[in-house]
Amino acid sequence: MVVSLFTNTKKGTLRMYITLVITVILAVSLIFSGIFFYKRTAKILIENQKQQVMKELSQVNQNITDQVNNLDYVNSLFVSNTIVREAIEPSVDNSRNRLDIEKQMSFLLINTYMWEQNYINGVCIFLNPSEYYTATSGPGTVNIKANQKILESTSTSNPYLTIKMQESTPSVLYFVRNIFSSYTGEYVATIIINVNKNTLIDFYKAGIDREWFIYLYNEEINLITESHDLPCADEISEKLGTLNKETYLDEIDAGGQSYLTAAEKLPNLDLTSVVAVPKNQVLEKLNDTLRTYILVLAVIVMLVLCISIILSRAVTRPIGNMIFQINKIAEGKKDRLPSLEMYSEFNKLAEAFNHMLDKLDTYYKDNLEKQLLLKNAEIKALQSQMDPHFMFNTLNTIAWKAQMTNNPEIYQMVISLGELLKANVISKDFTYVDLEDELRYVKFYTYLQKMRFEDKISVEIQADDSLLHYKVPCFCIQPLVENSIVHGLEPKKGMGKLAVNVIKHQDCMEILVADNGIGFETIPHICDIRPSSEESHTHIGLRNLDRRLYLLFGEMAHLKITSTLNVCTTISFKLPLITEGTHYDISPADRG
């Protein structure tokens, strides 16, 4: 059969298997290491980029705060000027004409930092919609109508600087602040600074990658750096909702891609600033590295494939030679394997094979003789078997003789012994018996022991009547009773008591065997009990019963021992309620 297997197997199968295993193991290892490296690196890059976005947001917010402070400084510069102040205070007698006031405003504006940087297009001070003063960087740089609309939308009670936009002038931001009288505290004018939006945004995005974008928004304005779509920003602002003062940092899907987004609501401006970067920009270089890794992986797999083919040929060549020699032996052309010098393992295998061949003839010659001896042994074993019926008939005869001679004790002892022997024979054919029968066997056994000890032992058996016809494993109580008598009561001085109780629970019965014998100095673990060559009586019966109950019913049926030295020892176990025809299956959990 072995030779046939070798000859029918396709040549090169083992070689192909070795090659495939080496290649697959290496390829899988490289692939999983690549996936792990990619995911781990991507996570680190994204976390680092999130920190970078937070830094950029902090810088942008600082720039915005600085610019707002500069604009507030312009407001203060105008309001604190005597000429301008006299023009807007209603309680001051103003004899200056409009031209002098606007010249003074222009002089103040020209000397500011923001004017030099071309941030400011002009300034308008409105006493009311029709009465105003202006200072501009040139003709047409300030749209008075747009400023008047801004004035109309501004509450005169708001003391804070607000930022507004007008649809007719999308390139201008309007920084608006109300002016209140230093005498009465009442509203007297509104100053509107017209700022070049593009110049301001360019200042904010200086030093930031072109793929990044800065977005400023509130209920009235939407500012975004150039080269980015406003709908994308609108979608981000919609998902951000209304921010509190805490900073937001997370990924947001907008415009068909994912952005790492940081946002914060600026205090006193009712303005939310957002810095966002496309997530794919973060992973772009990593993807390039991954493509290079895949190319290198392919090259490595090809090299390993070639090397594994060479190695597999080196390993399988002696095997092929051995198969060839075995086929020669099968054909009768050789009687031994030659030495295989390439590898010591194969040489040892050849020696073992030759040794096996030497013994085959001896085994073959001895086989017939052994078979004859085995048949003779079986015949003798059959001849030595005693018919159980003969034993029962003999015991019945002895019982009849005892009854005829008026010896009831011997009669009852023989009957009890016969019933126990009969139960022992029946137990080989039946796994379960009624609880009533099992208790009857216990009564027979305890009767014989009481006769042996001349009533030194008293026995009490109690069982719930509703349990008598439930099935229990055959001889599951008698070994416990025997253990109690032999190990507990027999060594005890004085009267011994033995109690067997069967208690019904909701879904099981509990069997308890208690005695007032000598007990255990140390309660043994059932599974650790082993046969003893020094003692004729051991607790090995407990271990065998515990193992049998566990195999039948699982963890619930393990024996439990409680003992107080020289006072009381109790052994108990639980069984499921099984009736005739019931099949009990043990779940994996019950098996432990």
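Biologist: What is the mean pLDDT of the chain in this predicted model?

Modeller: The model is a predicted one, and its confidence can be read residue by residue from the pLDDT, which runs from 0 to 100. In this chain, 75% of the residues reach 70 or more. Taken over the chain, the mean pLDDT is 75.

Biologist: Which element of the chain has the lowest mean pLDDT, and which has the highest?

Modeller: Helix α1, covering residues 2-8, has the lowest mean pLDDT among the elements, with a value of 39. Over residues 1-12 the pLDDT stays under 50, and the model has 5 contacts there beyond four places in sequence. Residues 532-538 also stay under 50, with 4 such contacts.

Biologist: How many residues of strand β6 are buried?

Modeller: Strand β6 is made of residues 213-217, and in a regular strand the side chains alternate between the two faces of the sheet. Here F213, Y215 and Y217 point one way, whereas I214 and L216 point the other way, and all are buried.

Biologist: Which residue of β10 is the bridge partner of Y215?

Modeller: Strand β6 pairs with strand β10, residues 271-278, in the antiparallel sense, and 5 bridges hold between these two strands. Y215 is one of the β6 residues that are buried. Its bridge partner in β10 is V274.

Biologist: Which residue in β7 stands opposite L216?

Modeller: Strand β7, residues 222-224, runs antiparallel to β6 and is joined to it by 3 bridges. A hairpin of 4 residues leads from β6 to β7. Within this pairing, the residue of β7 that stands opposite L216 is L223.

Biologist: How far apart are the closest N and O atoms in the salt bridge of R177 with D72?

Modeller: A search of the whole structure finds 4 salt bridges, and in general side chains of opposite charge can pair when their charged atoms come close. One of them is formed by R177 and D72. This pair links distant parts of the chain, with R177 in strand β4 (residues 169-180) and D72 in helix α2, 105 residues apart. The closest N and O atoms of R177 and D72 are 2.8 Å apart.

Biologist: Is E102, the salt-bridge partner of R98, buried or exposed?

Modeller: R98 and E102 both lie in helix α4, residues 98-110, and their separation of 4 residues is about one turn of the helix. Their closest N and O atoms are 3.2 Å apart. R98 is partly exposed, with a relative accessible area of 39%. E102 has a relative accessibility of 16%, and so it counts as buried.

Biologist: How many residues apart are R440 and D437 in helix α13?

Modeller: R440 forms a salt bridge with D437, in which the closest N and O atoms are 3.5 Å apart. R440 is partly exposed at 34%, and D437 is partly exposed at 24%. Both residues lie in helix α13, residues 435-452, and they are separated by about one helical turn because they are 3 residues apart.

Biologist: What is the area of the nonpolar surface patch that includes F32?

Modeller: F32 lies in helix α2, residues 13-80, and it counts as exposed because its relative accessibility is 56%. The patch is made by F32 together with L20, V24, V28, I31 and I35. Its area is about 530 Å².

Biologist: How far apart in space are K279 and Y259, C-alpha to C-alpha?

Modeller: K279 is in helix α9, residues 279-330, and is partly exposed, with a relative accessible area of 21%. Beyond four places in sequence, K279 touches I46, E251, S258 and Y259. K279 and Y259 are 20 residues apart in sequence, and in space their C-alpha atoms are separated by 5.2 Å.

Biologist: Is N121 buried or exposed?

Modeller: N121 is found in strand β1, residues 120-128. Leaving aside neighbours within four places in sequence, N121 is in contact with several residues, among them W115, T136, V172 and N194. The relative accessibility of N121 is 14%, so N121 counts as buried.

Technical notes:
Residues numbered from 1 in each chain as written. Predicted model: local features only at pLDDT ≥ 70, side-chain atom pairs only at ≥ 80, totals over all residues. Heavy atoms only, no water. Patch = residues over 30% accessible without salt bridge, like charges linked within 9 Å, V, L, I, M, F, W, Y side chains within 5 Å. Areas by Shrake-Rupley, 256 points an atom, 1.4 Å probe, with all protein chains shown as cover. Salt bridge = Lys/Arg side-chain N within 4 Å of Asp/Glu carboxyl O. Buried < 20%, exposed > 50% of the residue type's maximum accessible area, 1.4 Å probe, protein only. Contact = heavy atoms within 4.5 Å. Pairing = 2+ DSSP bridges.
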